[in-house]
Amino acid sequence: MDVSYILDPLNDAQREAVAAPPGPVLVLAGAGSGKTRVLTHRVSWLVEAHGVSPLSVLAVTFTNKAAQEMRGRIEGMLGYSLRGMWMGTFHGVAHRLLRAHHRDAGLEEGFQILDSADQHRIVRRVLRDMGLDEGYWAPKQVQWYLNAHKEDGRRAQHLGEPSDTQQRQLLGIYKNYEDLCRRFSLVDFAELLLRAFELLQHNEPLREQYQRKLQHVLVDEFQDTNAIQYELIKLLGQKFRQVFIVGDDDQSIYGWRGARVENILQFEKDFAGAQVFRLEQNYRSTANILNAANAVIDINRGRLGKKLWTEGGDGESVKLYNAYNEFDEARFVVARIQSWVDRGNPRGDTAILYRSNAQSRVFEEILLDTGIPYRVYGGLRFFERAEIKDALAYLRLAARRRDDPSFERIVNVPARGIGNKTLEQVREHARINRLSLWDAARTLIESRELSSRAVSALSGFLELIDDIDTRIDKLPLAEQVDTAIRIGGLPDHYKKEKGEKAEARLENLEELVTAARQFGPRDEEEDLEPLTAFLTHAALEAGEGQAEAWEDCVQLMSLHSAKGLEFPMVFLTGMEEGLFPHQRSLQEPGRLEEERRLCYVGMTRAMQQLYLSHAEIRRWHGRENYPSPSRFLGEVPGEFLEEVRGSGFSLGVNRRRRAVPEAGAGGGLRLGDHVRHASFGSGTVLNLEGRGEHARVQVKFDDVGSKWLVLGYANLDRV
Ligand code: ATP
Ligand code: MG
């Protein structure tokens with residue numbers, strides 16, 4: 001078999017790694033050096049040169065988006081479809097395993113996945129049942145505690161008997177949480193991994209079956225695997241030792257969530273004799289961008305150490321923009337994107353990256369104003385929007401009455417007169433008799449313990465769900481979704497909210513029907529009922545946002561979600577102390593290094609143009625802040641950096657809501673000008689908006705705080 005088409009597009013080091021004899025392999029290399037490329041070529045090479053069946057390959061990566069990309073690349077190379085191949089995220093793979101062997105794993109067939117909001121609700125219920133005060137036992141922190149233990153492979157029973165009272169209480173919560181999840185077959189994200197691991201660990205025949213079945217294990221972004229993910233890899237790979245991992249210690253950015261970069265060193269011990277390859281040529285970025293990024297990451301200590309070089313030209317320098325405030329920053333970024341697009345380039349070439357998801361809002365506002373399509377990954381997650389979750393809850397409950405989180409969610413949405421008191425009775429009854437909320441409601445209705453009003457409201461709800469269940473039977477998926485939404489009464493409910501918000505919610509509900517219509521199950525979901533497959537897809541997808549792949553649009557995402565991706569033009573925004581590096585990292589050297597790696601990840605996403613920006617004033621957590629520029633900016637050597645100025649208010653016409661000032665608007669006022677007003681006293685110009693008679697100015701007055709004034713009447717003097 002001629003495999004030159006697999007090996008030719010590689011450099012020597014890459015080729016050696018791809019064609020390494022079967023056995024454990026570690027590819028340790030910097031950003032943009034072709035690690036993902038090597039991994040995809042390795043799969044093709046195994047298939048073509050060694051006659052390995054694609055069905056005996058397990059390839060794992062970090063996000064669904066990356067997994068799809070990987071599949072596309074391999075299929076492109078081989079020229080045929082890889083249906084049924086085990087390729088996906090750790091969670092996806094674990095889920096597939098559990099669905100296939102739910103009984104062995106001790107789960108009901110229709111077990112339900114809890115996303116983080118569902119988990120939150122369950123934790124609150126456990127706290128309530130235990131009579132613990134939510135003010136003291138913050139549910140979010142309890143979630144963190146539960147997940148951290150599970151990610152390290154520890155169940156409540158492994159934790160011994162703590163001497164400290166608080167730890168003892170937490171352990172009690174853990175036990176009750178486990179108990180509740182077991183009773184109702186609920187599986188949170190961390191549980192997916194732990195349960196899959198335990199399944200293989202304790203069930204020897206099954207373990208051997210899968211060790212043989214998935215003989216080749218490949219892992220991308222290995223530096224961010226947590227303890228249980230690594231154990232899973234070890235369990236599967238230990239028999240045949242054909243484990244191929246690629247990673248970069250400098251891009252380990254999930255330490256705060258239990259990722260263990262030490263797994264890289266551990267791998268060499270656990271798989272003795274592993275061949276190690278290093279790739280040093282970067283193919284992604286211009287020399288200026290690469291050198292700037294190298295200089296920043298070089299400051300970290302405790303690196304495995306590597307130097308990247310490129311044959312490419314210097315390219316443009318890295319640009320630094322010093323914005324007045326977050327709006328000025330967003331306008332600058334959007335103006336640069338606009339001129340990039342005006343020169344005939346795709347919008348999808350550009351990415352706006354930020355440390356915190358909340359930063360997306362201002363960019364979104366300006367992009368909307370300017371009429372430039374964009375997509376937010378990770379922030380405004382489609383499947384996490386309230387109205388979408390409501391609609392899905394109707395479907396879930398109709399499919400499985402024991403689904404308590406869904407019951408809780410919609411029992412009184414839209415309002416149907418089921419009061420808190422009634423609900424408390426239902427919960428209490430469920431707790432004492434160890435029933436699902438649905439069964440508890442039914443027995444209560446029969447027991448005549450409720451007021452007649454409560455009985456009629458509750459039975460109305462139960463009948464409604466039964467009705468949905470009967471009606472959607474045998475309908476095509478999209479109509480099932482549509483029917484549940486309509487009969488559930490969600491559109492009318494949301495219409496009451498009025499205004500843009502209501503409109504957006506209705507659009508989202510419609511979009512959900514569209515999503516159902518376009519839905520094609522992934523391999524691991526193929527043997528499920530379409531509705532089950534769709535609901536599973538929604539639960540797993542909630543972390544990533546919906547893809548409108550056909551539309552060319554600006555990409556907005558957090559630095560964490562940008563891992564592994566590349567874009568010709570990248571904006572790294574909000575580079576301010578306290579924001580990036582994040583406040584929480586400032587006092588902790590270890591976390592500060594992780595922030596610096598995140599900065600390195602961000603910078604190395606850029607192929608041709610990289611912009612770094614910070615603002616002098618930023619509204620953050622509801623307050624005005626005056627942050628210092630990020631220390632990371634100071635770490636980029638001056639020779640690679642060029643400071644740029646904004647082009648004034650040159651965004652031009654607004655197509656959505658309001659006009660954006662053109663140069664010269666605002667009576668010659670500029671952001672940051674000091675002004676005096678007859679009644680309010682002196683202040684500073686924060687914002688300028690609108691044109692002509694609609695022009696408005698926002699001034700932060702020293703004494704009376706910030707105010708919006710209509711320019712024509714404001715009588716402001718520049719001082
Ligand atoms: P990251 O650390 O960011 O995940 P990576 O090491 O996985 O990066 P890839 O995404 O595989 O790097 O490659 C970076 C870019 O360089 C891609 O566009 C890839 O196609 C290109 N590339 C890699 N190797 C070569 C090569 N030998 N010839 C040409 N282009 C290459
Ligand atoms: Mg990669």
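G79 sits in the loop between helix 4 (64–78) and strand 3 (86–89). In this predicted model, G79 is exposed, at 60% relative accessibility. R37 lies 42 residues from G79 along the chain, and their C-alpha atoms are 17 Å apart.

**The ligand site**

Ligand 1 is surrounded by 19 residues. The closest are K35, Q251, R284, E566 and R605. Backbone atoms take part here. An N or O atom in the backbone of S33 is 3.2 Å from an oxygen of ligand 1. For G34, a backbone N or O atom is 3.1 Å from a ligand 1 oxygen. Y283 uses its side chain: an N or O atom there is 3.4 Å from a nitrogen atom of ligand 1. The table sets these contacts side by side.

| Residue | Part of the residue | Atom of ligand 1 | Distance |
|---|---|---|---|
| S33 | backbone N or O | oxygen | 3.2 Å |
| G34 | backbone N or O | oxygen | 3.1 Å |
| Y283 | side-chain N or O | nitrogen | 3.4 Å |

**Helix pairs**

Two packed helices are described by the angle between their axes and the distance between the axes. Take helix 7 (residues 139–151) and helix 8 (residues 165–184) to begin with. Their axes cross at roughly 75° and come within 11 Å. Angles of 65 to 115 degrees count as roughly perpendicular, so helix 7 is roughly perpendicular to helix 8. Helix 7 brings V142, Y145, L146, H149 and K150 to the contact. Helix 8 answers with Q167, L170, L171, I173, Y174 and Y177. By class, this contact has 8 nonpolar, 2 polar and 1 charged residues.

Now helix 18 (residues 420–433) and helix 19 (residues 437–447). They pack at about 110°, with axes 8 Å apart. Helix 18 is therefore roughly perpendicular to helix 19. From helix 18 come Q425, V426, R427, H429 and A430. They meet L437, A440, A441, T443 and L444 of helix 19. The contact has 6 nonpolar, 3 polar and 1 charged residues.

**An enclosed helix**

How many of the 11 residues of helix 11 are buried? The count is 10, so helix 11 (residues 227–237) is largely enclosed by the rest of the structure. Among the buried residues are Q229, Y230 and K234. Others include I228, L232, I233, L235 and L236. At the start of helix 11, a side-chain oxygen of N226 comes within 3.2 Å of the backbone nitrogen of I228.

R596 belongs to helix 25 (residues 589–603). Is R596 buried or exposed? R596 has a relative accessible area of 6%, so it counts as buried. Beyond its sequence neighbours up to four places away, R596 touches V296, I297, I299, N300, R631, F632 and E635.

E576 is in the loop between strand 13 (567–572) and helix 25. E576 is buried because its relative accessibility is 1%, and under 20% counts as buried. With residues up to four places away left out, E576 touches P581, H614, A615, R618, P627, S628, P629 and S630.

**Backbone features**

The peptide bond from F580 to P581 is cis, with omega near 5°. P581 lies in the loop between strand 13 and helix 25. Another cis peptide bond joins V413 and P414, with omega about -5°. P414 falls in the loop between helix 17 (404–410) and helix 18.

S185 is not a glycine, yet has a positive phi of about 55°. S185 is in the loop between helix 8 and strand 5 (186–188). Its relative accessible area is 3%, so S185 is buried. R448, also a residue other than glycine, has a phi near 60°. R448 lies in the loop between helix 19 and helix 20 (452–472). At 74% relative accessibility, R448 is exposed.

**A strand glycine**

G705 is in strand 20 (residues 705–710). At 27% relative accessibility, G705 is partly exposed. G683 is 22 residues from G705 in sequence, and their C-alpha atoms are 8.6 Å apart. Setting aside neighbours within four places, G705 contacts V699 and K700.

Technical notes
Residues are numbered from 1 along each chain as its sequence is written. Chains are lettered from A and ligands numbered from 1 in the order in which they are written. This is a predicted model: local features need pLDDT of at least 70, side-chain atom pairs count only at pLDDT 80 or more; totals for chains, interfaces and linings use all residues. Side-chain values use heavy atoms; hydrogens and water are left out. Axes are lines fitted to C-alpha atoms, for helices over the stretch in contact, and angles run from 0 to 180 degrees between N-to-C directions. Helices (H or I, at least four residues) and strands (E, at least two) are DSSP runs, numbered from the N terminus. Angles under 35 degrees count as roughly parallel, over 145 as roughly antiparallel, 65 to 115 as roughly perpendicular and the rest as oblique. Contact means heavy atoms within 4.5 Å. Ala, Val, Leu, Ile, Met, Phe, Trp, Tyr, Cys and Pro count as nonpolar, Asp, Glu, Lys and Arg as charged, and the others, Gly among them, as polar. Buried means under 20% relative accessible area, exposed over 50%, partly exposed in between (1.4 Å probe, protein chains only). A polar contact is a pair of N or O atoms within 3.5 Å; within protein, one must be able to donate a hydrogen and the other to accept it, and residues adjacent in sequence count only if both atoms are side-chain atoms. A residue is near a molecule or strand if one of its heavy atoms lies within 4 Å of it.
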